[in-house]
Amino acid sequence: MMCAIEAGQRGRRVILIDHAHKLAEKIRISGGGRCNFTNRHCTSDNFISNNTHFCRSALARYTPQDFIARIEKHGIHYHEKKLGQLFCDDSALQIIAMLQKECAVAGVEWQMPSRVKEVKYRVADESQSVTQRFLLTTERNVIEAASLVIATGGLSIPQIGASGYGYQIANQFGIAVVPPKPGLVGLAFNTEDFTEFKDISGLSIEAEVSCNGAVFREQVLFTHRGLSGPAILQISSYWKPNQAVDINVLPCQNAMKIFTEFRHSSLLLYNVLSRYLPKRFVQVLCKHICNALSLEIQSMQQYSDAELQRIANRLHSWQIFPSGTVGYKKAEVTIGGVDTHELSSKTMQSHRVPGLYFIGEVVDVTGHLGGFNFQWAWSSGYAAGQFV
């Protein structure tokens with residue numbers, strides 16, 4: 001819709017084809033129904049891609065402030081929750097209605113629901129001026145167009161219509177695709193590795209989570225299948241199979257300093273730690289750590305200094321080995337997509353196929369949690385809309 005609005009405002013005749021029965025479901029369900037539509041602090045550092053510089057141009061030309069100005073013009077009230085995350089005061093439906101209204105003003109035509117069955121491409125020499133044409137066969141008709149924009153998203157949340165059709169189009173035209181995988185998603189564990197933590201399902205703690213050089217400090221949520229919560233969703237985008245995720249459960253404290261303070265106390269280990277962490281979590285974690293270190297849970301005065309140091313090290317660096325993620329059904333985004341080396345960072349147009357554009361989540365640009373992926377949608381859509 002963003003790209004259609006911009007192209008329509010330039011006087012281009014635009015038709016928007018969507019196979020879904022409900023418009024913009026991903027906007028509607030986001031942010032608990034209030035749509036985390038952007039982030040004030042958005043920069044290229046908030047994105048993952050095999051080509052980390054690609055997103056800079058589009059983000060610089062259409063910024064969070066530009067989108068904020070857009071919604072303010074429509075009288076949509078919003079608020080900031082934390083870390084620059086902006087949400088509608090009322091409903092995500094306001095964002096959808098705004099985009100629909102702007103499409104109408106720009107003269108955008110709609111064909112929805114309608115599935116594209118085939119895409120053909122031809123180059124013709126008209127009066128010695130070479131032009132390209134796309135021929136789209138849909139469920140309803142055949143459409144001829146000078147330009148084709150692929151804004152099909154990724155594979156995340158298939159229950160609301162996500163598909164891999166955008167990757168199929170890229171493959172058809174010989175355009176490379178970085179293999180997709182679920183992103184911003186919970187991590188799962190083998191049953192035998194996580195049995196002791198199942199009893200604390202629903203409990204969350206603030207922790208610092210790291211993997212592959214990325215570090216996030218937010219909430220970690222224990223689930224019946226493994227771990228979730230903002231910190232885990234963030235780190236899942238960096239995690240790879242067979243790798244460890246490192247969790248510091250006391251990011252604001254020095255465990256050894258705590259132990260020194262209670263060095264000669266008759267208090268049990270978990271009674272000391274429960275002053276800083278939820279008691280149910282501490283009881284399970286202490287048992288887990290002590291078993292791993294071949295130690296007993298006992299009073300502080302019974303441990304040696306070396307044993308306390310080993311326990312402290314585990315509290316600040318608890319390594320877990322996920323068996324995988326909970327998959328696309330629960331993933332908020334898709335990592336990977338159309339290789340950005342195949343596209344112009346200024347226009348989003350394919351280097352191989354003139355007139356063919358890729359924008360949004362279908363491209364190998366994935367944002368962190370907190371409104372960044374919506375900003376990429378607005379920015380890449382705007383960029384393509386200026387040239388399509």
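How many helices and strands does the protein chain have? The protein chain has 13 helices and 21 strands, where helices (H or I, at least four residues) and strands (E, at least two) are DSSP runs numbered from the N terminus. Please keep in mind that this is a predicted model, in which local features need pLDDT of at least 70 and side-chain atom pairs count only at pLDDT 80 or more, while totals for chains, interfaces and linings use all residues. Residues are numbered from 1 along each chain as its sequence is written, and side-chain values use heavy atoms, with hydrogens and water left out.

Let's start with the overall picture. The C-alpha atoms fill a box of roughly 90 × 45 × 35 Å along the principal axes. Take the contacts (heavy atoms within 4.5 Å) between residues at least 6 apart in sequence: 71% of them join residues at least 24 apart.

Leaving out residues up to four places away in sequence, Trp376 touches several residues, among them Phe47, Phe54, Ala58 and Met348. The backbone oxygen of Trp376 also lies 2.7 Å from a polar atom of the Ser380 side chain. Ser380 sits in helix H13 (residues 372-385) and is buried, with a relative accessible area of 0%. Its side chain reaches the backbone oxygen of Ala377 too, at 3.5 Å. Beyond its neighbours within four places in sequence, Ser380 is in contact with Ala58, Met348, Ile359 and Gly360.

Finally, the backbone has some details to look at. Most residues other than glycine have a negative phi, and most peptide bonds are trans. Ala24, in the loop between strand S1 (15-17) and helix H2 (25-29), has a positive phi near 55°. Leu184 has a positive phi near 45°, and is found in the loop between strands S11 (177-183) and S12 (187-188). Ala24 counts as buried at 16% relative accessibility, as does Leu184 at 1%. The peptide bond from Met112 to Pro113 is cis, with omega near -5°.

Note on methods. Buried < 20%, exposed > 50% of the residue type's maximum accessible area, 1.4 Å probe, protein only. Polar contact = N/O pair within 3.5 Å; in protein donor to acceptor, adjacent residues only side chain to side chain.
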